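Dear colleague,

I am handing over the structure we spoke about, and below it you will find what was found in it. Please read the text with the structure open beside you.

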Amino acid sequence: MTAGLVAVFFVACAMIAVGVFGAAWRRDVSAAVPTIPLMFAGAGIAFAGVARFAAAGGTHLLGQEFAVLLAVAAVALVALGLGIAGREGNR
Amino acid sequence: MDSLHAIGFYVSSGVLLIGALGVALLPRRGMRGAALAISGLGLAGVYYSLSAGFVGAIAFVCYLGCALMVAGPQYRTVEAVAGSAWRQVGAIGAALLLGVLAFSAFRGDFVSATFKGGPFDAVALGRLLFAHDVVATEAVALLGLIAIAGAAAAWRLRDRTSAR
């Protein structure tokens, strides 16, 4: 059994699609905000997969670096989104 | 990738996708927070099987923080202004996006290269983050600072308004 870049891309595009679906389908904005990390996770998996399987020449860890930045940005956006949504909403 | 790492990749991908579907579909905020934590665990496993253990550790901590925020007691419900027809169009668009991305991943021709790093190359990654691409790191740090300050300001304004 083996896994290559195509398998990684399949997981990545499934994550992005689930995130887009959740963001579009949820009526509650506070429930739609947590789908942002899902989309970012898909992008991060694709970057890490390219760094692992297809980074020919140059820096091999650039994709991993971008995945780290995406994870941190996801936390920041969830905090900001829930904060702004919580300001307007009802408990 | 050897068999052990491939099995780890597929198992972690399953955990990740189950958690992601839970975030998108579960009705209660506590369950959505738990699903987000599960997807963070799966994401860490995927990163580890892709020889990115340090990224996996950071992603797990970040997604655990997201899960705590989602499941926390300060949660508020805000109804969106978009109608149900637009939501259904968005859902169909997500399915089309999945089809297009999966087709391009399946039919694409990719360069293959040998990976020379270790499974947990924190030193090299830290060198990239804090020396080579320090401007990008500072930009994300600034985004995080603005987001946390904005969230705190929003909560304080709400508490002050509700106290009146």
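Between chain B and chain A the count of salt bridges is zero, and this, like everything that follows, refers to a predicted model rather than to an experimental one. Polar contacts do cross the interface, however: eight residue pairs of chain B and chain A are found in polar contact, with both residues of each pair at pLDDT 80 or more. On the side of chain B that touches chain A, the elements that give two or more residues are α1 (3-25), α2, α3, α4 (84-107), α5 (122-132) and α6 (134-163) of chain B, and the largest share of that side, 13 residues, comes from α1(B). Sorted by class, the side of chain B that touches chain A holds 56 nonpolar, 13 polar and eight charged residues.

As for the extent of the interface, 77 residues from chain B and 71 residues from chain A take part in the contact. The area buried between the two chains is about 6900 Å², and carbon and sulfur atoms give 73% of that area. Within chain B, the residues that lose the most area to chain A are V78(B), R87(B) and F115(B), which together make up 10% of what that side buries.

One position that I would ask you to look at in detail is S51(B), which lies in the loop between α2 (29-49) and α3 (53-71) of chain B. Is S51(B) buried or exposed? With a relative accessible area of 12%, S51(B) counts as buried, because that value falls under the 20% cut-off. The side chain of S51(B) is joined to the side chain of R52(A) by a polar contact of 3.2 Å. Leaving aside residues up to four places away in sequence, S51(B) touches R52(A) and Q64(A) in chain A, and F115(B), G118(B) and P119(B) in its own chain.

Turning to the chains one by one, the secondary structure of chain B comes to six helices and zero strands. Among the contacts in chain B between residues at least 6 apart in sequence, 61% join residues at least 24 apart.

Chain A, for its part, has four helices and zero strands. Its radius of gyration is 16 Å, well over the 12 Å that the globule rule gives for 91 residues, so chain A is more spread out than a compact globule. Along its principal axes the C-alpha trace of chain A spans about 50 × 25 × 15 Å, and 63% of the 91 residues of chain A count as buried. When contacts in chain A between residues at least 6 apart in sequence are considered, 64% of them join residues at least 24 apart.

With best regards

Definitions and conventions: Residues numbered from 1 in each chain as written. Chains lettered and ligands numbered in written order. Predicted model: local features only at pLDDT ≥ 70, side-chain atom pairs only at ≥ 80, totals over all residues. Heavy atoms only, no water. Buried < 20%, exposed > 50% of the residue type's maximum accessible area, 1.4 Å probe, protein only. Polar contact = N/O pair within 3.5 Å; in protein donor to acceptor, adjacent residues only side chain to side chain. Contact = heavy atoms within 4.5 Å. Buried area = accessible area lost by both parts, 1.4 Å probe. Salt bridge = Lys/Arg side-chain N within 4 Å of Asp/Glu carboxyl O. Nonpolar A, V, L, I, M, F, W, Y, C, P; charged D, E, K, R; others polar. Rg over C-alpha atoms; globule rule 2.2 N^0.38 Å.
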